[in-house]
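Biologist: I have not looked at this one before. Can you take me through it?
Modeller: Here it is.

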Amino acid sequence: MAERIDVGLIGATGTVGVRLAELLAGHPWFRLAEVGASTASAGRTYGAALSDLGDFPSLDDHTLGLTLKTLDEPWDSPLLFSALPRGVALATEEELAERGHLLVSNASAYRMDRDVPLIIPEVNGDHLGLVTRQSERWPGAIVTNPNCAVVGLTLALAPLHRAFGLDRVSVVTLQGLSGAGRPGPAAAEVLDNVLPFIAGEEEKLASEPQKILGEFAFGEVTPAEFKVSAQAHRVPVAHGHLMAVSVKLSQPTEVKDIEVAFQNFMSEVADDHLPSAPERVLEILDDERRPQPRLDRDRGYGMTVTVGRLRKCEALDVKFTALVHNLVRGAAGAALLNAELCRVRGFMGEVGR
């Protein structure tokens, strides 16, 4: 890109917001120019607010010196990253789109809206065409990325969906603590323990993959028809969501052919040269003890999904283990990659257009 453009970050003091700020540092296409948070933090410097929260990210003095704005203040940047909680996003993102901003959101508020694209660029970048449907609702636009576990699950399912079709999917997740955001569960809850319920998580795992893997035609997405049964657990791991996946395919096939489908999976945006896109979006490991969060979550700078233990399933057709870095590929990095896709595909937008 010829020049960097200014961007804003709302929800900047949350776990995902801080990671987004770090990923934006020195980004070749974007420059973090505005930050916002709750009214309690408004008027303070970003650095002071983070210090009070016990966060000391690797950010330059300019970024740490930015003054935190409230969400209802005027924003100058045409592109805003949203790392807001669902409830706040539901009340705020539409208003910002009405002001003419492009919202690239990590929040779940509008993911399943029929006019809002739910994007994993390597899988369904063409769904960005849904943005044109939003022009009748507001002058700006909203683009979303999936739930943090859904990103890893869907990237692992995409090669199988393309090659053989999906009939049924069963997934059991073991999700890291950082996925709970701030403040997260108390230490006494998770020490020597596993929490067998994460509010709203199983519903997202059961519904978002079908929209992502659906077909975009005639200006709308027809969701894929496979079913997902999900069970979500919080485990005492800092970062990384590990998933045990079993799949019933529409076309029964051999495990060796499934392995070839994984290895031959091609990103839909390989020719776009997006700065945050990993060299290998999927990495297949032969070691039966892998993937492991501590050893494998940072592959591809956290943007690669790792698959291992691929084998025949006694109840369905095939089973495997998948790992995603929930804060990077599953959240901040996913939003940044979507913003890069928006820019290269000409959906950047202008304030008040």
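Biologist: Which residues lie nearest the centre of the second largest pocket?
Modeller: This is a predicted model. In it, Phe 265, Ser 267, Glu 279, Arg 280 and Val 281 lie nearest the centre of that pocket, out of 17 lining residues. Two elements, α9 (255-263) and β12 (282-284), each give two or more residues to the lining.

Biologist: What is the volume of the second largest pocket, and how does its lining divide by class?
Modeller: The volume is about 320 Å³. The lining has 11 nonpolar, three polar and three charged residues.

Biologist: And the largest pocket, what volume does that have?
Modeller: About 1000 Å³. Its lining takes in 44 residues, and Leu 84, Pro 85, Gly 179, Ala 180 and Gly 181 lie nearest the centre. The elements giving two or more residues to this lining are α1 (15-24), α4 (86-98), α8 (201-212) and α11 (328-344).

Biologist: Which element gives the largest share of that lining?
Modeller: α1 does, with three residues. By class, the lining of the largest pocket has 21 nonpolar, 17 polar and six charged residues.

Biologist: What percentage of the residues is buried?
Modeller: Buried residues are 55% of the 353. The chain exposes about 15100 Å², with 50% of that supplied by carbon and sulfur atoms.

Conventions:
Residues numbered from 1 in each chain as written. Predicted model: local features only at pLDDT ≥ 70, side-chain atom pairs only at ≥ 80, totals over all residues. Heavy atoms only, no water. 1 Å grid on protein atoms, 1.4 Å probe; cavity = no way out; pocket = protein on both sides within 12 Å on 5 of 7 lines; lining within 4 Å. Points joined across faces, edges and corners; volume = space filled by probe spheres on them. Helix = DSSP H or I, 4+ residues; strand = E, 2+ residues; numbered from the N terminus. Nonpolar A, V, L, I, M, F, W, Y, C, P; charged D, E, K, R; others polar. Buried < 20%, exposed > 50% of the residue type's maximum accessible area, 1.4 Å probe, protein only. Areas by Shrake-Rupley, 256 points an atom, 1.4 Å probe, with all protein chains shown as cover.
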